[in-house]
Amino acid sequence: MTGGLRYQRDDVERRGTTSFTPEVLDYDRSFDAWLPKLALTHDLNDTTSIGAMVSKGYNPGGVTLGFVSRQYVTFEPETVWNYELFGRTKLFDERLDLTGNLFYSRMKNAQRYVTSVIEGGYTDAVTVNADKAESYGMELGFSFAARDDLTLRGNLGLLHTEIVSFENALADYEGHEFGRAPSRTLSLGADWAIRPDVTLAGTVRYTDAYFSDDTNATALLIDAHTVADARVTWTPREDLSLFAYVNNIFDDRSVTNLRSLQGSLQGTVVDPRSAGVGLKMTF
């Protein structure tokens, strides 16, 4: 069993003027919180362990400017309680390593962004508090030594997010998913020791569809996409490695985020294909 208790205090001071509002900003507040953490781990045997953890998280409050209202909007601190069950085991003479965890997070005064289109087609975004929000899901992982020179690995993530209660005059996002929170992610990879001093590694990463923001607007829905990377490493001695890599092998240009700007959509895409070489030395 391990535990901890942290005290955090944040002093937030914002002062100044801007041409977007006649108001003079004079914000000076202090926020503090006690943040406990407790974890229990039990070894069922030499190769299997299970455990549970509970912890509290916190973000201080602050102030933001609403371009529509031309007024400063304050928001309160956000708190979150995190609950997690986890386990790990090794099978087949410890050639297969399995990990898994279940998690649930309950948020109070969750800090979310409210977006709206203002004059000229620009997007206005302010931070407000959602009364209640939650997320839960699971993560599974494996690493399997298929041969002495070949290791297979993978990870699966499942996630559900929801703004449970949202009582704010600026918008109504109650029942919406969190923006940029895909419900499924998957990665598969392999490490092949071609020679004792040369390793070839590859990874394929899948991201399910998700919304760009909390509005959950269909126009801002991001399609699922898959990206592949590869890397070869030569280690002539323990303290020296030379490597070459290719990220985004197939030069996928899938959109990863969208926002409305001046009547059209502006977005970002997956980083384009890149390749390089490097040297790593340890002393």
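This is a predicted model: local features need pLDDT of at least 70, side-chain atom pairs count only at pLDDT 80 or more; totals for chains, interfaces and linings use all residues.
Visitor: Why is S187 called buried?
Guide: S187 has a relative accessible area of 18%.

Visitor: Where does S187 lie, and which residues does S187 touch?
Guide: S187 lies in strand 10, residues 184-195. Leaving aside residues up to four places away in sequence, S187 touches R153, G154, N155, V204 and R205.

Visitor: What makes R153 a contact of S187?
Guide: Contact means heavy atoms within 4.5 Å. R153 is listed among the residues that S187 touches, so the two have heavy atoms within 4.5 Å.

Visitor: What lines the largest pocket, and how much space lies in it?
Guide: The largest pocket holds about 370 Å³ of space. Its lining has 20 residues, and T115, S212, D213, L258 and R259 lie nearest the centre. Strand 7 (96-117), strand 8 (123-147), strand 16 (255-261) and strand 17 (264-269) each give two or more residues to that lining. The largest share, five residues, comes from strand 7.

Visitor: How do the residues of that lining divide?
Guide: The lining of the largest pocket has five nonpolar, 10 polar and five charged residues.

Visitor: What makes D229, in the lining of the second largest pocket, a charged residue?
Guide: Asp counts as charged, so D229 in that lining is a charged residue. The lining of the second largest pocket divides into three nonpolar, six polar and three charged residues. Strand 14 (225-237) gives the most to this lining, with three residues. About 190 Å³ of space lies in this pocket.

Technical notes
Residues are numbered from 1 along each chain as its sequence is written. Side-chain values use heavy atoms; hydrogens and water are left out. Helices (H or I, at least four residues) and strands (E, at least two) are DSSP runs, numbered from the N terminus. Buried means under 20% relative accessible area, exposed over 50%, partly exposed in between (1.4 Å probe, protein chains only). On a 1 Å grid over the protein atoms alone, a cavity is a set of points where a 1.4 Å probe fits but cannot get out, and a pocket is an open set with protein on both sides within 12 Å along at least five of seven lines; lining residues have an atom within 4 Å of a point. Grid points are joined across faces, edges and corners, and a volume is the space filled by probe spheres set on the points.
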